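I opened my notebook for a friendly walk through this model. Here is what I looked up, entry by entry.

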Amino acid sequence: MSDQASEDLMRRAERLLPGGVNSPVRAFRAVGGGPVFVERALGSKIWGADGRDYIDYVGSWGPAILGHAHPKVVASVQEAAARGLSYGAPTALEVRFAERICELYPSIEMLRCVSSGTEATMSALRVARGFTRRDVIVKFDGAYHGHSDALLVKAGSGAATFGNPDSAGVPAGVVENTATLAYNDVPALEALFRARGKDIACVIVEPVAGNMGCVPPEPGFLAAILEQCRAHGALSIFDEVMTGSRLAAGGAQARYALKPDLTCLGKVVGGGMPLAVYGGRRDVMSLIAPLGPVYQAGTLSGNPLAVSAGLTTLNELDAAAYARLEKVSQRLVDGLRAALEKTQTRGVVQSVGAMLTLFFHDGPVKNWNDAKASDTQKFATFHRGLLARGVYWPPSQFEAAFVSLAHTDADVDRTVEAAEGALRA
Ligand SMILES: *Cc1c(COP(=O)(O)O)cnc(C)c1O
């Protein structure tokens, strides 16, 4: 359990909010006990309702890459707020933000801002279908691309944790055009394209999977997606909502030197505010209203506070920042591996840059089937042990942990010590 103040709040919350929360994984159902209600956050730490502090590896599920309440980000939002919260009209800030995204992501020639990753992926599918005049979309088991109907099939983390990967309320007709394949399975991908290539509008992929826990792409997997799409007139969509501006300034596509047709961004690029992006080839994005027949709109899209937070965050992320993120993250990975060894626990730590997962699994996790075979009971015990020792780890086996620029070596060493204690328990 968390603390008395959080327990009291949870009792009130549960009467009014489903599960007491506004997003399911926050309820801690996968690990037992109750969630910590957060009072405030600064740097690498969050404070619970009872005033206790924790070293945080959730980081708002990715956005807090600079650490919480970074003074420059806070100041930029305050300045923007003083000029008005929202206008529903274009601003210079949006133009600067778009220019910055296109500089960082050479595959993005034109983009649109939306307010969540869900909106970004949903809209990217629509424009891909509009462009190709085809209906079938391909996704990978265990990948999460937001909660829009067509994508809520074998959708990893939250959905997976609750054992209903196919949500109630999604008509069969909506998902009959969604094909799913195992992650990292190139022969299956090629076979699907051989069979249905002329019906496939797009393949959407997390270039490093994060929503079944951190699962890196095997060499050649992402290139095969681009190649199959090109050969069959389909579009490749990299869902970089998690990896974008986390794994490199130009996202996973920069890290692996690949150029998808379309890209979705969110989390880090919004700096902690509701902001996401979809963009890519100019000929494709030119189909979006008011230029073309694919409709998509948003009252708060490109909101000035959100764009300010995003721009300020991106401007702090220079080469030195990414080098530091890699270093701190590697220290944590090495420490966790040593803790597994010392305690003779079966487990594997997988990471790419500043995202990582400790799977209670024998040997590498390459896809959703592997991830599912992890010992989730052991994970729950581990999670409770960490929390009791002042470390706030993602409350599901199937989530990635995030390191920020605010995490110090001392934070990491304390975390490793806590992990060793939690593994012995
Ligand atoms: C978080 C996430 C989304 C959904 O973004 P929201 O802002 O929560 O709607 C989509 N795709 C990936 C890869 C994500 O990690």
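**Entry 1: the ligand**

I began with the ligand and found one of its oxygen atoms 2.7 Å from an N or O atom in the side chain of Thr118. I keep in mind that this is a predicted model. Next I looked at Gly117, where a backbone N or O atom lies 2.8 Å from an oxygen atom of the ligand. Asn211 also turned up, with a polar side-chain atom 3.1 Å from a ligand oxygen atom. I then checked the burial: the ligand taken alone exposes 390 Å², and the protein buries 82% of that.

Which residues are around the ligand? My list reads Ser116, Gly117, Thr118, Tyr144, His145, Gly146, Glu206, Asn211, Asp239, Val241, Met242 and Lys267. Sorted by class, this shell has six polar, three nonpolar and three charged residues.

**Entry 2: the second largest pocket**

I moved on to the second largest pocket, and I noted a volume of about 620 Å³ for it. Its lining is made up of 28 residues, and those nearest the centre are Glu94, Leu111, Arg112, Cys113 and Ser301. Which elements give two or more residues to this lining? I found helix 3 (92-104) and strand 4 (110-114). By class, I noted 15 nonpolar, nine polar and four charged residues in the lining of this pocket.

**Entry 3: the cavity**

A probe the size of a water molecule, rolled over the atoms, shows where empty space is left. How many cavities of 30 Å³ or more does the structure hold? I found one. The largest cavity has about 60 Å³ of space. I noted 14 lining residues for the largest cavity, with Asp56, Gly59, Ala64, Ser404 and His407 nearest its centre. The classes in the lining of the largest cavity are eight polar, four nonpolar and two charged residues.

**Entry 4: aromatic rings**

I searched the whole structure for aromatic pairs and got eleven. I picked Phe360 and Phe379 to look at: their ring centres are 6.4 Å apart and their planes meet at 65 degrees, so I logged the pair as edge-to-face. This pair links distant parts of the chain, 19 residues apart. Phe360 is in the loop between strand 12 (355-359) and helix 13 (368-372), while Phe379 is in helix 14 (residues 376-388).

The peptide bond from Ala289 to Pro290 is cis, with omega near 10 degrees. I placed Pro290 in the loop between helix 10 (282-285) and helix 11 (304-316). Ser60 is not a glycine, yet I read a positive phi of about 60 degrees for Ser60. The loop that holds Ser60 runs between strand 3 (53-56) and helix 2 (71-82).

Technical notes. Residues are numbered from 1 along each chain as its sequence is written. This is a predicted model: local features need pLDDT of at least 70, side-chain atom pairs count only at pLDDT 80 or more; totals for chains, interfaces and linings use all residues. Side-chain values use heavy atoms; hydrogens and water are left out. On a 1 Å grid over the protein atoms alone, a cavity is a set of points where a 1.4 Å probe fits but cannot get out, and a pocket is an open set with protein on both sides within 12 Å along at least five of seven lines; lining residues have an atom within 4 Å of a point. Grid points are joined across faces, edges and corners, and a volume is the space filled by probe spheres set on the points. Helices (H or I, at least four residues) and strands (E, at least two) are DSSP runs, numbered from the N terminus. Ala, Val, Leu, Ile, Met, Phe, Trp, Tyr, Cys and Pro count as nonpolar, Asp, Glu, Lys and Arg as charged, and the others, Gly among them, as polar. A residue is near a molecule or strand if one of its heavy atoms lies within 4 Å of it. A polar contact is a pair of N or O atoms within 3.5 Å; within protein, one must be able to donate a hydrogen and the other to accept it, and residues adjacent in sequence count only if both atoms are side-chain atoms. Accessible areas come from the Shrake-Rupley method with a 1.4 Å probe; for residues, only the protein chains shown count as cover. Rings of Phe, Tyr and Trp (its six-membered ring) pair if their centres lie within 6.5 Å; planes under 30 degrees apart count as stacked, over 60 as edge-to-face and the rest as tilted.
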